Amino acid sequence: MATNGPPSTTLVTFSDLHDCAVGDKVRFLGCVTGYSTKTGEVTLQHKSQDCRDKTALVDVNLLLETLNTSLVRFGE
């Protein structure tokens, strides 16, 4: 059965992001540590159990019209 909607998201842990391909539609939790209005990238971090910080750069350019400042505020 074919679907006409967008692809569904996959819930992944922050530590499993490295297994995802660029362009995969995923959901994960992280803490905002930076936001660049120039590039449209949000920097998210997560401290893993081994006490090492992991970092993800997320392109939010497609969301700019609906993205409010509280979502990219440090610590959110």
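**Exercise 1. Find the order of secondary structure elements along the protein chain.**

Solution. Read along the sequence, the pattern is β-β-β-β-β. The total is five strands and zero helices, where elements are DSSP runs numbered from the N terminus: H or I of at least four residues for helices, E of at least two for strands. The model is predicted, so local features need pLDDT of at least 70 and side-chain atom pairs count only at pLDDT 80 or more, while totals for chains, interfaces and linings use all residues. Residues are numbered from 1 along each chain as its sequence is written, and side-chain values use heavy atoms, with hydrogens and water left out.

**Exercise 2. Describe how strands β3 and β4 are joined.**

Solution. Take the ranges: β3 covers residues 31-36 and β4 covers residues 41-47. The two run antiparallel and are joined by five bridges; pairing requires at least two bridges found by DSSP. Gly 34 stands opposite Thr 43 in β4. Four residues lie between the strands of this hairpin, and Gly 40 takes a positive phi near 75°.

**Exercise 3. Classify the aromatic pair that involves Phe 14.**

Solution. Start with the rule: rings of Phe, Tyr and Trp (its six-membered ring) pair if their centres lie within 6.5 Å; planes under 30 degrees apart are stacked, over 60 edge-to-face, the rest tilted. The ring centres of Phe 14 and Phe 28 are 5.4 Å apart and the planes stand at 80°, so the pair is edge-to-face. Next, locate the partners: Phe 14 is in the loop between β1 (10-11) and β2 (26-27), Phe 28 in the loop between β2 and β3, 14 residues apart.

**Exercise 4. Decide whether Phe 14 and Phe 28 are buried, partly exposed or exposed.**

Solution. Apply the cut-offs to relative accessible area: buried is under 20%, exposed over 50%, partly exposed in between (1.4 Å probe, protein chains only). Phe 14, at 7%, counts as buried. Phe 28, at 21%, is partly exposed.
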